[in-house]
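I opened a new page for this one. These are my notes on what I looked up, in the order I went.

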Amino acid sequence: MLQRFLDPATLASISGLDLVAKTVVDGFIAGLHRSPDYGFSQEFAEYRAYTPGDDLRRVDWNVFARSERLYIKRYRGETNTQLLILLDASASMSYGSHAVNKLDYARFLAASLCYLAHAQRDAAGLIVFDENVQNYVAPSARQGQLFRLLHAIEKAQPGTRTDFAKPFVHFLDFTRRRGLVVVISDYYERPDVIVKTVEPLRFRGNEVILFHVLDPQEIAPKFSAPVLLTDMETSGTLEVSPEYARGEYRHRIDAHIQALRDQAKGAGLDYFLMDTGRPLDEGLREYLGVRQGRM
Amino acid sequence: MGLLTPLALAGLVAVGLPVWLHLLRKHKTTPLPFASLMFFERRTQSSIKHRRLQYLLLLALRAAVIALLAFAFARPFLHSRLAALAGGPKLTVLAIDNSFSMRDGDRLARAKREAADVASKLRDQDKLQVLAFGSQVHVMGDSAAAIQTIQPTDTRSSYAELSRALRSIAQSSRLPVEAHLFSDMQKSSLPANFADLRLGESVRLIAHPVADRRAANFAVESVNAPRRVYGSGKARVEATIAGYGTDQVKRRVSLVLNGREIDSKTVDVPAGGRAAAEFLPADLPFGLNRGEVRIDSGDNLPDDDRFYFSVERAEARRVLFVHEGRNQRDALYFRTALEAAAESAYALDAVPVEQSGNLDLHKYAFVVLSDVGSLPASFETALRDYVRAGGSLLVALGRESALRNRVPVFDEAVVEPRYYGRDGALFQSAAWLDAGHPSIHNAQRWDDVKFYQAVRVNPGAARIAARLGDDTPLLLDKQIGEGRALVFASTFDNISNDFPLHASFVPFIEHTANYLARQEEGPSNYLVGSYLELRQAKQQGAAVEVLDPKGERALTLDEAARAQNMPLTMAGFYDVKRPNGRHELVAVNADRHESDLDMISADTLALWQNTAQGPQNANSGGDAEAPKTMEFWWYVLIAVLALSIAESLLGNHHLTVDQATE
């Protein structure tokens, strides 16, 4: 089971990245995760000229003795953070035009993040949902948490349709502590509804990352002839011409992605599109690269 | 349209196969699951109808391929007339009459003008061919510019020849032919047999008459004059003046010799009739003379108002007649017959055999040995050389010559003399005559000629021209060197036979004399379109020089060395120098059928045009042309090929769709 989710190549790729330089999370695992806040810790960060109001306990008197100038020392804060993964297991996530469907791809992604958090001694939790909460693993850094998480990920099965509003009400109850919230879904909902639903997580000081998992066939359908399509969630059928799929559909899905990206950015949410046709590690590395650039 | 193998249409049953495949066999459509139809719209429903339409198109293509394949195997054909009606390309033939009669007024210029007008209205897809026709059809070219190169000729127009050419063009071109005829529509140009005017089925004839009405015309229809006059003989020139569509009128007729008017007369030509004029020119010069009979007609066709003829005044040719001294009768009969027949063309020198030793033989046209016994050796040697060099010899065998073992010069053995009175048969008749021999050609029958004596000679390699009832060769002909020798197995003295007393004796002597003297008695004038014999086969290699009426050489060097004959294409005098050195003047005149400008009636013209439409004339004989058909199965196969490619592409497209949906 472990081997299925933790592909050695994927794991090595993620471990090789400098997470310190790329993420801005609230807590750190010592030596790897570093807080953007300056605090009371043992690791020196910089000197700053004293200004009235500063705590005199932070003044470096050794420097004052040599230079008769007041400087205060600043240290990097060190803390543990909490990772909560929200995994969409709706029926539409079982779609795939090649060997790996979207749900498998989301499982790989969630497992990788869980393993990463476990290696950093971070507390990690998982919520699997469709229109209801299918499974919940409370965040914890205890021994055996990783296996619980992976087991829960493995048990996730395609359910019914996605209803963001209904399960997210409960999510707020699960996030009592500031941390990193990762939402993995195909987001078949209006962007404003998605953002409106997810946005409250951000209010509590969480860093929210939206992983938008889509199949290449969903991004750019390639039909050589008219086809009869069946909606995997509603079971409705529709006959689609290749001209429409090449033209109007692509225009609409691109507009949807762009709207989601823009509105998420506006709400302070991180958004990243994961194409299941691309390697998982590549997607993660690209995301982390974007995070690094944002710093 | 028709089908050559209609049974192949049974293959149309196979059209049911694609119908079964498409309409009767149920197609199942597998839905393709998709994550969400959130971004699709209901209006794409019509695409399936479009697909069904494509299936129907595929069905139609497949059915069409099978149906056309069966149709192609049925070998469909179109009648070329239908092909023409289909508006396809056609071959436009502009046939312009340039015969002698087109010299009347501006007929030829008008014909060329109207032809150019027709050529200017042709469509781009039409082909053009320009013909000029008289007695023969000449292809002038395939552009309108060729019209202007057509010149008038002196030939007689022949609509039968034109129809034959149009049939040939229609057969070779494979296109419908639209023939425009620009002619004065002379009735005299029609053939004797109307079936000769038959046009091909794909030929459409459009007539453009360039003569508005029947024009009155006078012409010198014919001139009868001797080709040669010997010695002091007089030449009688008889001319016939004809009026075509004319009123009764007097016309002045004149005789012109070597460009000088010798005599003239006024004749009364009846309405639409003929009048004769006779001239006896007294002072005909020696040698070749250019004769011409002219009338003053005042009509639009002056070229037929003169008629050319040639006449030659020559000395009589000498003939050596060698006989036994005591026998004068044969010379008498021979001379009398010769003078009676040949108008003093020959002068007979009768010489006893004893005086023949020192004669110069080369001045004689031919030599006659009339029942001579022994010949002086020198004379026989000279005679043999004379014959081998091209001279001619006639040997009559009688009692004296029967004593010899061989016929002199002829060199064949004397078998025996035959005396029929002693045998009880009393006489023999000529049982068989070779009518093809020049001596006997056109001769009267010899049935009542009685032969009492004859000498049987071994014929050897000689040609036997006549035999007696007992199979004895009577007349033998043998080529010796360049000359020839004739043996008459009896005598000319009215003793061995009674031949000299019969009327057939004179033409026999005349023809034999002309044959031996190589005296060709041709006409004094020829018609344009006839052929002039230039040489005999053995004269190959010796050049003939011919100057046409314009004074230009009528033959190329190769033709001058090889040609056996040549066509006479224009009116006037041809100067001919033959291989043997003889100089001749050949007078040539246009055919006077061209002088009759009476036009074809509208009914006859319509009948001619309809020969391309109705069934073939029953009188046309065995060469009736089969209806021309144009098979187009290969076009159908090309269509099948194109449809098959389209079907493959469309079918492959559908196959790809099916695989995608699965």
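Before looking at helix pairs, I noted how the angle works: axes are lines fitted to C-alpha atoms over the stretch in contact, and angles run from 0 to 180 degrees between N-to-C directions. I also kept in mind that this is a predicted model.

**Entry 1: helices 5 and 6 of chain A.** I looked up helix 5 (residues 102-119) of chain A and helix 6 (residues 145-155) of chain A, and found them packed at about 175 degrees with axes 10 Å apart. Angles over 145 degrees count as roughly antiparallel, so that is what helix 5 of chain A is to helix 6 of chain A. From helix 5 of chain A, the contact takes in A:Arg107, A:Ala110, A:Ala111, A:Cys114, A:Tyr115 and A:His118. Helix 6 of chain A brings A:Gln145, A:Leu146, A:Leu149, A:Leu150 and A:Ile153. I sorted the residues of this contact into eight nonpolar, two polar and one charged.

**Entry 2: helices 8 and 10 of chain A.** Next I checked helix 8 (residues 191-203) of chain A against helix 10 (residues 242-266) of chain A: the angle is about 30 degrees and the axes are 9 Å apart. Since angles under 35 degrees count as roughly parallel, helix 8 of chain A gets that label relative to helix 10 of chain A. Their crossing is right-handed. On the helix 8 side of chain A I listed A:Pro191, A:Asp192, A:Ile194 and A:Val195, which meet A:His256, A:Ala259, A:Leu260, A:Gln263 and A:Ala264 in helix 10 of chain A. This contact splits into six nonpolar residues, two polar and one charged.

**Entry 3: two positive phi values.** Is A:Ser235 buried or exposed? I place A:Ser235 in the loop between strand 9 (227-231) and strand 10 (237-240) of chain A, and its phi is near 65 degrees, positive although the residue isn't glycine. A:Ser235 counts as exposed because it has 10 C-beta neighbours inside 10 Å.

In chain B I looked at B:Asp371, also not a glycine, with a positive phi near 45 degrees. B:Asp371 sits in the loop between strand 19 (364-370) and helix 7 (377-388) of chain B. I have B:Asp371 down as buried, because 26 other C-beta atoms lie within 10 Å.

**Entry 4: the chains overall.** I have 11 helices and 11 strands for chain A, with 40% of its 295 residues buried. For chain B I have 12 helices and 33 strands, and 38% of its 662 residues count as buried.

Note on methods
Residues are numbered from 1 along each chain as its sequence is written. Chains are lettered from A and ligands numbered from 1 in the order in which they are written. This is a predicted model: local features need pLDDT of at least 70, side-chain atom pairs count only at pLDDT 80 or more; totals for chains, interfaces and linings use all residues. Helices (H or I, at least four residues) and strands (E, at least two) are DSSP runs, numbered from the N terminus. A residue is buried if 20 or more other C-beta atoms lie within 10 Å of its own, exposed if 12 or fewer, and partly exposed in between; C-beta atoms are placed from the backbone. Angles under 35 degrees count as roughly parallel, over 145 as roughly antiparallel, 65 to 115 as roughly perpendicular and the rest as oblique. A crossing is left-handed if the near helix is turned anticlockwise from the far one by less than a right angle, and right-handed if clockwise. Two residues are in contact if their C-beta atoms, placed from the backbone, lie within 7 Å. Ala, Val, Leu, Ile, Met, Phe, Trp, Tyr, Cys and Pro count as nonpolar, Asp, Glu, Lys and Arg as charged, and the others, Gly among them, as polar.
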